[in-house]
Structure formats: structure tokens, C-alpha cells
Amino acid sequence: MIRALLNIAKVGKGSLVVDPFLGSGTTAVEAILLGADFVGVDVSPLCVKLSKVKTTAWRSADKIKEAVQRLLGNPNLQKSDISLDNFSGGVREFIEIALMVTASDVEVRDRDESRYLAKNLEKMLESVIAMKKAVDEFGLEPGEPRLVRGDVRNLGKAKILPGSVDAIVTSPPYSIALDYVKNDKHALQALGEDLKAIRKDFIGLKGRGAKERISIYNEDMRVAFDQMALILKPGAHLMMVVGDATVGGEEKTSTDEMVTWAETSGLLLERKMPKIVFGLYNIMSDEKILFFRRKG
Ligand SMILES: C[S@@+](CC[C@H](N)C(=O)[O-])C[C@H]1O[C@@H](n2cnc3c(N)ncnc32)[C@H](O)[C@@H]1O
């Protein structure tokens, strides 16, 4: 779907694409594979690290393969058997992410450490090899990714210049955001991070009770729209996957409200498309794709 949105925005070699809610880097991977340069911003250092590995590990695919095969030679591999000091560059970053994902599997989901460490290393290696193969077989020239730990409410600090961006393709957190900070607690602690400081800037997690949370969320999202409009070139696209989130069946931030904020920031709504959400247990039953263009 992200690839389709980038194609509609006519992104290609020489374009600059931004995702100011980077997450796990889905837009990042698709944008660079199309040859575009990319800047991703996220308040979570874990997302920044993960996206770095997703967008750059293919360059070290051979070395990563060798390291993973060596590690998997131990049929009962544990996290404590691996010292990151034995690795460097892209291999080290890859293994660090595999260790963090495994820490979450073990500590949050109570899974078997040795089995999941092997499984994560194998799965991650598979996707690195697939990306390298795509680059080689199709003769792709991936664009440059720049991944920044920062805040959508201050994109200048991430050194994204006003009027410089060809497309923004993104999906913001919902006003009843999943508590990512709690979910990723183990990985963030492993990175030596201060969870309180991250929470302070995390859109959708601030405030007590539904009412206060939504009102802070709405204020933050207004600023986010201002910032996104500011960095776009005149006529450039902002494409956004958003949901009509409800809290306790009552309060909510509607996509219509978002459209009014966007319009105040200088963006024109071109199209609003329903996005079908698969999965029975998904709380977001109603997602939309909003297509805007920067005025001018
Ligand atoms: C819905 S997720 C994005 C999902 C992403 N499209 C993907 O493919 O993974 C929203 C992201 O916004 C980030 N976020 C929350 N507050 C932020 C802020 N103030 N500035 C930048 N990113 C923020 C969260 O860390 C999270 O990764």
C-alpha cells in the first residue's frame, strides 16, 4: 500500500520523502527502493535504530549472513553468549536489534529465549538477503536514508528545510495510542533510555483520563500539521493513514477534525479513502487514507 501511495505522489530518483512518524520504517524502505532520499523522524530511539537496520543492513548482507550462520552453529544460543563488542558496523547494529526483539519476546510474551533468538536472527537475515537480492536483480539504486531521533512538532531541529520535501507518507499514533513506551520498555531500557523523557514527547500518551489525553493529542496534532505543511514544496503530497479512534465509546478525534486542522495549516484535501483493517482484534475498525496537497 505504501508503495502505491509513493507512486501516486510520483516519487522517484531525486525526490525527497519524509515520514515524521517513522515507526518501524515501512515508508523508509519503500522510498529508498524507489531511488528517493528519505528523512525519518521518531521520538523513539528504538524505531530509529530498527529503521536504520531495515534501510542499510542490505549493504552488509554477506557479512551479516556469515555472522548469523556462525552464531546459529550453537544450537542452544542464548543472549548472554553474544558480545556486541565482537561485531562492528552494520553487523553489530543488526545483532543489537535481534537481541532487543528477543528481549521483548522473552520478557513481554514469555517466550523461550534460545528458540526465539534463533528464529529472530533467521527471519531478519532472510529479509536482509531479500532486499539485497532485489537491489542486485533489478539494478536498483536505493536513495539515502537519514533517520533522526526527534519530534514531529519541531522538524527544523531535524534539519528538514521549509519547502524542501516532495512527499510525506505517514501514519500518526492514535489519540488512544497503544502504549508503545510500555510495550518496548525492555528494549528501551537495554538502550539505557529514560522512559519518562520519551513519554513526555510521545503523542497520544500524555494526560490523565480520556478527555485530557484527547485534548493534548489534538493540540499536538495541530502543531504536527503545521510542521508537515511547512516542509512540503508547493503542490506536494501529504498522505496519511489515520483512524477514527474512540475512547469508552464516546470521546474521539475524528478524521474530519484532522482535515480541518490540515486545512488551517495550508493543506488541501484531495481525497479520503477508506482503508479496510484486517484482523478481528484490531481496535481500529475504521481507518482512512487522507490525501492532501500543499497549497500554492
Ligand atoms: C502509528 S506509528 C507509525 C507506524 C509506521 N507507519 C510503521 O510502519 O511502523 C506512530 C509512531 O509515531 C511515533 N511518535 C509518537 N510521538 C511522536 C513525536 N512527537 N514525534 C515523532 N514521532 C512520534 C511513535 O514512536 C510511533 O513510532
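Predicted model: local features only at pLDDT ≥ 70, side-chain atom pairs only at ≥ 80, totals over all residues.
**Exercise 1. The chain as a whole**

Find out how many helices and strands the protein chain has, and what its radius of gyration says about its overall form.

*Solution.* Let's start with the counting: the protein chain holds eleven helices and nine strands. Next, take the box around the C-alpha atoms, which is roughly 60 × 45 × 35 Å along the principal axes. Now for the radius of gyration: a compact globule of 296 residues would have a value near 19 Å, and the protein chain has 20 Å, so the two agree. Two further values complete the picture. Buried residues account for 48% of the 296 residues. Of the contacts between residues at least 6 apart in sequence, 71% join residues at least 24 apart.

**Exercise 2. Helices α4 and α5**

Describe how α4 and α5 pack, and work out which class their angle belongs to.

*Solution.* First, locate the helices: α4 covers residues 61-72 and α5 covers residues 89-107. Their axes lie 9 Å apart, at an angle of about 50°. The crossing of α4 past α5 is right-handed. On the α4 side, the contact uses Lys 63, Ile 64, Ala 67, Val 68 and Leu 71, while α5 supplies Gly 90, Val 91, Phe 94 and Ile 95. Sorted by type, these residues are seven nonpolar, one polar and one charged.

**Exercise 3. Helices α3 and α5**

*Solution.* The crossing is left-handed. From α3, the residues in contact are Leu 46, Lys 49, Leu 50, Lys 52, Val 53 and Thr 56; from α5, they are Glu 93, Phe 94, Glu 96, Ile 97 and Met 100.

**Exercise 4. A serine in a loop**

Locate Ser 265 and decide: is this residue buried or exposed?

*Solution.* Begin with the place: Ser 265 sits in the loop between α11 (255-264) and β8 (267-275). Its relative accessible area is 11%. Buried means under 20%, so Ser 265 is buried. Finally, look at its neighbours: leaving out residues up to four places away in sequence, Ser 265 touches Arg 222, Phe 225, Asp 226, Ala 229 and Arg 294.

How values were computed
Residues numbered from 1 in each chain as written. Heavy atoms only, no water. Axes fitted to C-alpha atoms, helices over the stretch in contact; angles between N-to-C directions. Helix = DSSP H or I, 4+ residues; strand = E, 2+ residues; numbered from the N terminus. Parallel < 35°, antiparallel > 145°, perpendicular 65-115°, else oblique. Left-handed = near helix turned anticlockwise from the far one by under 90°. Contact = heavy atoms within 4.5 Å. Nonpolar A, V, L, I, M, F, W, Y, C, P; charged D, E, K, R; others polar. Buried < 20%, exposed > 50% of the residue type's maximum accessible area, 1.4 Å probe, protein only. Rg over C-alpha atoms; globule rule 2.2 N^0.38 Å.
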